[in-house]
Amino acid sequence: MRRYEPSEIEPKWQAVWERDGVFRAVDDDDGRPPYYKLHMFPYPSGDLHMGHAEAFAISDIIARHMWMRGYNVLHPIGWDAFGLAAENAAIRRGIHPKEWTYANIADQERTFRRYGMAFDWSRKLATCDPEFYRWTQWLFLKLFEKGLAYRKLAPANWCPKDQTVLANEQVIQGRCWRCGTPVVRKDLVQWFFKITDYADRLLDDMDQLEWSDRV
């Protein structure tokens, strides 16, 4: 039996998958039932590590399984590319956050392709792309127009070093989880969503869900 050589065999078949668009979802109805498999987008703070390999392997297995069962699978990939960590890392290196972020995205894409992931690469995105976040802005404006987004003064956890607010979960023993600076409580004008208008509806609609016995 011939020995399996990953460096020889995998690039060959990955090139075939790319050429033939094997994992590309079909936009039109081709008779197959649709299936959407979304994994949490990675944060481009560096190259991928073994934790990514483990987590994305599970997502990849599910996508391939459904594809082999005859589904029209949409398995997209993108990058959650906004965040203070990227900005701070870029500042430490003396480069622009955009340069740092897109360089990491390119590194991660190369690694993902070496993994042989069954992504629909024709639909890749980054949340810092104007073509993407314009829809986030559109959605926010719709909420604002309906009176569901508003501003008011409220206390917040504030990191003096990073100059940003922190969620309660990001304050560990009174310090910023990222830099260790003591956190202070500070009154700030903040944006809120009026989800309380839908509290009863959210609870009532729970009765309409068909929960699995395993949940």
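**View 1. The largest pocket and the residues around it.** Sorted by class, seven nonpolar, four polar and four charged residues make up the lining of the largest pocket (nonpolar: Ala, Val, Leu, Ile, Met, Phe, Trp, Tyr, Cys and Pro; charged: Asp, Glu, Lys and Arg; polar: the others, Gly among them). This is a predicted model, where local features need pLDDT of at least 70 and side-chain atom pairs 80 or more, while totals for chains, interfaces and linings use all residues. Numbering runs from 1 along each chain as its sequence is written, and side-chain values use heavy atoms, leaving out hydrogens and water.

The largest pocket holds about 260 Å³ (the space filled by probe spheres set on grid points joined across faces, edges and corners). Look for Gln-14, Trp-17, Glu-18, Arg-113 and Trp-121, the closest to its centre of the 15 lining residues (pocket: an open set of points on a 1 Å grid over the protein atoms alone where a 1.4 Å probe fits, with protein on both sides within 12 Å along at least five of seven lines; lining: an atom within 4 Å of a point). Helix α1, residues 6-20, is the top contributor to this lining, with four residues (helices: DSSP runs of H or I, at least four residues, numbered from the N terminus).

**View 2. The second largest pocket, between the two domains.** Here the volume is about 220 Å³. Because domain 1 (6-128) and domain 2 (131-200) both give residues to the lining, the second largest pocket lies between them (bounds from an automatic or database domain assignment). Helix α3, residues 84-93, gives the most, with six residues. Among the lining residues are Ala-85, Asn-88, Arg-92 and Trp-100, along with Lys-161, Asp-162, Arg-178 and Cys-179. The class tally is six nonpolar, two polar and four charged.

**View 3. Where α1 meets α4.** α1 and helix α4 (residues 97-115) pack at about 105°, their axes 9 Å apart (lines fitted to C-alpha atoms over the stretch in contact; angles from 0 to 180 degrees between N-to-C directions). The pair is therefore roughly perpendicular (65 to 115 degrees). On the α1 side, Glu-10, Gln-14 and Glu-18 meet Arg-113, Arg-114 and Tyr-115 of α4 (contact: heavy atoms within 4.5 Å). Four charged residues, one polar and one nonpolar form this contact.

**View 4. Where α3 meets α4.** The two axes come within 8 Å and cross at roughly 110°, so α3 and α4 are also roughly perpendicular to each other. From α3 come Ala-86, Glu-87, Ala-89, Ala-90 and Arg-93, which meet Pro-97, Trp-100 and Thr-101 in α4. This contact counts five nonpolar, one polar and two charged residues.

**View 5. The two domains together.** The protein splits into domain 1 (6-128) and domain 2 (131-200). Their centres, taken over C-alpha atoms, sit 29 Å apart. Domain 1 puts eight residues into the contact and domain 2 puts in five.

Technical notes: Helices (H or I, at least four residues) and strands (E, at least two) are DSSP runs, numbered from the N terminus. Angles under 35 degrees count as roughly parallel, over 145 as roughly antiparallel, 65 to 115 as roughly perpendicular and the rest as oblique.
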